[in-house]
Amino acid sequence: MKRILVTGGAGFIGSNFLNYILKTYDDIFVVNYDKLTYAGNLENLREIEAKKNYVFIKGDIVDHEQVSNTLKKYEINNIINFAAESHVDRSIHSSYSFYETNVLGTNVLLNAAREIDLEKFLQVSTDEVYGSLSTEGLFTETTALNPKNPYAASKAGADLMALAFCNTYKMPIVVTRCSNNYGPYQFPEKLIPLMVINAISNKELPVYGDGLNIRDWIYVIDHNKAIMKVLEDGKSGEVYNVGAKSEKPNIEIVKLILDYLEKPYSLIKYVNDRPGHDRRYAIDSAKLMADLNWEPEYSFDRAIQDTIKWYLDNKNWWERILSGDYQNYYKLQYQTN
Ligand code: NAD
Ligand code: TYD
């Protein structure tokens, strides 16, 4: 039986992952190990928190002793590392916590994993490690790493450490690199929830630069299904790109949100560009599709509508976030009072 340590399971993708696997699989045991930073929210896990095969532990992945004790106490044989500082703009304001959690924390987890009987260690990574594309081409697994911001650099460092442990210690380690996710429970600092919530609240929608930067979008459940496939069948030492062939310029998404909510385009405000803003991401997941028989199931047009509707229907969830510390970050990033 798989006994999985999921780190960062109270964040956006991790909590969707836990809701998905604990409702889908009976023959697993899961420990959610999360520091509960500003981005960790146990409310995301209400529907599964009482399950007998689920345990939550508040802990930092940088703490070797606590990680090691947790692995041994719960006889963990699989590790999925979602835990990270994940927001590019925050990494531009200050990169220390990004280095600490993303690089050092992954290193601690890898070392602790050497002490157990490990079936698989899955490092959840991002296409941002490849840098930025011009108008042509796609990222493949052999594209050279060329991270362009502190967040991306810290994730690239973690990926390389994971692959180095696989080579050096012959550990069963795989890396996934996914494109931009959207869906329920995404912290409202990221493009889609931020724009939806501002539009609902009749606040300005701050678009960076010319609004023509391109991201490749995937619904979070498609990403999570890919992670389960790679955990089960991924080949040790391999990297798997995950994407749903859904490239969109930011301004198109912003207008789509305003259209859906029947709000005027006059809410759009072009603001200063992000320093070193990557122009375009686009990912080729042919390897994952061919080798592990995965394919995305959700169309962007449908899933983005469901996502907007989720934020409309779950005002209490994001209002509680907005009334807390997030306000300080919003003032810093967008220079409001
Ligand atoms: P998130 O910021 O929503 O959640 C991160 C979670 O990690 C939070 O619950 C937080 O409390 C926890 N955490 C942070 N530091 C920790 C520490 N030191 N110890 C233990 N827990 C800690 O992030 P997300 O968007 O859910 O991303 C999850 C993972 O997926 C990250 O590794 C990220 O790099 C990767 N990823 C994200 C995207 C995306 O579009 N969001 C795309 C590709 C890959
Ligand atoms: P984001 O959700 O931060 O993801 P990432 O930078 O990791 O891709 O941003 C997605 C795109 O949206 C990116 O090109 C930056 C842009 N953006 C804005 O234009 N305005 C905003 O307020 C935010 C948060 C992002």
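Helices (H or I, at least four residues) and strands (E, at least two) are DSSP runs, numbered from the N terminus. I am working on a predicted model, in which local features need pLDDT of at least 70, side-chain atom pairs count only at pLDDT 80 or more, and totals for chains, interfaces and linings use all residues. Residues are numbered from 1 along each chain as its sequence is written, chains are lettered from A and ligands numbered from 1 in the order in which they are written, and side-chain values use heavy atoms, with hydrogens and water left out.

**Entry: ligand 2**

I found 20 residues around ligand 2 (a heavy atom within 4 Å). Glu128, Arg215, Arg274, His277 and Tyr334 come nearest. Next I looked up polar contacts (pairs of N or O atoms within 3.5 Å). An oxygen atom of ligand 2 sits 2.5 Å from a side-chain N or O atom of Arg274. For Arg215, I noted 2.7 Å between a polar side-chain atom and an oxygen atom of the ligand. His277 also has a polar side-chain atom 2.7 Å from an oxygen atom of ligand 2. The protein covers 98% of the 510 Å² of accessible area that ligand 2 has on its own (Shrake-Rupley method, 1.4 Å probe). I sorted this shell into nine nonpolar, five polar and six charged residues; Ala, Val, Leu, Ile, Met, Phe, Trp, Tyr, Cys and Pro count as nonpolar, Asp, Glu, Lys and Arg as charged, and the others, Gly among them, as polar.

**Entry: ligand 1**

Here I found 28 surrounding residues, with Ile13, Asp34, Ser86, Tyr151 and Lys155 the closest. The Asp34 side chain places an N or O atom 2.6 Å from an oxygen atom of ligand 1. Thr37 uses a polar backbone atom, 3.0 Å from an oxygen atom of the ligand, while Thr101 has a polar side-chain atom 3.0 Å from a nitrogen atom of ligand 1. I read off a cover of 97% for the 830 Å² of accessible area that this ligand has on its own. Strand S5 gives the largest share of the shell, three residues. By class, I have twelve nonpolar, twelve polar and four charged residues.

**Entry: H6 and H8**

Back to H6 (residues 191–200), whose axis comes within 10 Å of that of helix H8 (residues 250–260), crossing at roughly 35°. Axes are lines fitted to C-alpha atoms over the stretch in contact, with angles from 0 to 180 degrees between N-to-C directions.

Methods
A polar contact is a pair of N or O atoms within 3.5 Å; within protein, one must be able to donate a hydrogen and the other to accept it, and residues adjacent in sequence count only if both atoms are side-chain atoms.
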